[in-house]
Amino acid sequence: QMYVRTIFGITVSRDPLLVPVEGDPSAEPMAVHVVRLSAASFAMHQIRKMMSLSLGVLRGHVPEWVLSVALASNFLIHIPLAPSQALTLAMVDFWDDKVEEYRFEMGAGVRAQVEAFKLQRVYPHIVRQIKAVPTDPSLPLPCFPEFWKKYQMYQFPDESKWDLLQKEFQRYEGIKEHVQSLILHSNYPQPPGMCVCVCVSACLVCV
């Protein structure tokens with residue numbers, strides 16, 4: 001199945017926020033960079049997968065060009081889910097297509113109160129969840145150490161596997177461009193919504 005979601009904007013805080021740990025004033029605050037995404041809707045686990053791949057690139061586990069493969073092709077990039085503890089729904093707007101305006105839109109004062117509540121309550125709670133260490137040794141590690149352990153399992157053993165994916169993606173792009181050119185110069189009308197598919201090493205190219 002193909003899932004299409006429209007993202008309107010992504011922002012990342014340049015300077016980290018020093019967030020205290022909820023319920024532990026003696027604990028050292030955690031430096032947090034906030035990533036904000038706005039979209040019409042989100043697919044299941046979409047944000048956690050996007051953050052997981054981005055963190056993999058930042059940590060050097062995944063080459064940067066793999067982001068283009070994940071976003072611009074039908075190749076599936078299997079990665080672990082980023083921890084849910086660091087994810088929060090910030091705000092919901094209701095767009096009315098009939099009148100082309102937002103319903104129940106919050107005023108600037110209410111939005112300021114929401115931001116203040118997140119800084120005072122939500123972020124410290126998230127930090128506590130992230131830093132929580134279980135008292136029972138049989139329980140999993142705190143969420144991010146456990147997450148990076150999983151990332152090591154997903155890491156390819158050598159660069160040749162990344163090279164293979166890159167070559168296949170280049171073939172994908174070449175065949176896709178060729179098929180699009182054929183459609184553009186075709187004398188036959190294409191049915192609305194038609195997908196032209198070709199096989200590239202058992203992967204489908206849809207244009």
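A contact, in what follows, means heavy atoms within 4.5 Å. With that rule, residues 24 or more positions apart account for 63% of the contacts in the protein chain with a separation of 6 or more.

Good morning. The model is predicted, so local features need pLDDT of at least 70 and side-chain atom pairs count only at pLDDT 80 or more, while totals for chains, interfaces and linings use all residues. Residues are numbered from 1 along each chain as its sequence is written, and side-chain values use heavy atoms, with hydrogens and water left out.

I begin with confidence. pLDDT is the predictor's confidence in each residue, from 0 to 100. The mean for the protein chain is 77, and 81% of its residues reach 70 or more. Over residues 191-207 pLDDT stays under 50, and there the model has 33 contacts beyond four places in sequence.

Next, the fold. Helices (H or I, at least four residues) and strands (E, at least two) are DSSP runs, numbered from the N terminus. The protein chain has five helices and eight strands, in the order β-β-β-β-α-α-β-β-α-α-α-β-β along the sequence. Of its 207 residues, 21% are buried; buried means under 20% relative accessible area, exposed over 50%, and partly exposed in between, with a 1.4 Å probe and protein chains only.

I turn to the interior. In soluble globular proteins, nonpolar side chains tend to be buried together. A nonpolar core is here a set of buried Ala, Val, Leu, Ile, Met, Phe, Trp, Tyr and Cys residues joined through side-chain atoms within 4.5 Å. Which members of the largest core touch the most other members? They are Leu53, Val62 and Tyr151, out of 15 residues. Helices α1 (46-58), α2 (66-72), α4 (143-154) and α5 (159-184) each supply at least two residues of this core, and α5 gives the most, with four. Leaving aside residues up to four places away in sequence, Leu53 touches Val62, Val66, Leu67, Ala70, Ile77, Ile79 and Tyr151. Another core, of nine residues, lies apart from this one and includes Val21, Tyr123, Ile130 and Cys143.

Now the aromatic rings. Rings of Phe, Tyr and Trp (its six-membered ring) pair if their centres lie within 6.5 Å; planes under 30 degrees apart count as stacked, over 60 as edge-to-face and the rest as tilted. By this rule there is one aromatic pair. The centres of Phe147 and Trp148 are 4.9 Å apart and the ring planes stand at 50 degrees, so the pair is tilted. Phe147 is buried at 2% relative accessible area, and Trp148 is buried at 14%. Arg59 lies over the face of Trp148, 4.1 Å from the ring centre; the criterion is NZ of Lys or CZ of Arg within 6 Å of the ring centre and within 35 degrees of the ring normal.

Two polar residues follow. A polar contact is a pair of N or O atoms within 3.5 Å; within protein, one must be able to donate a hydrogen and the other to accept it, and residues adjacent in sequence count only if both atoms are side-chain atoms. Lys118, in helix α3 (residues 108-131), is buried at 6% relative accessible area. Its side chain makes a polar contact with the side chain of Glu115 at 2.8 Å. Ser13 is in the loop between β1 (7-12) and β2 (17-19), and counts as buried at 19% relative accessibility. A polar atom of the Ser13 side chain lies 2.8 Å from the backbone nitrogen of Val34.

Finally, His45 is in the loop between β4 (35-39) and α1. Phi of His45 is near 65 degrees, a positive value in a residue other than glycine.
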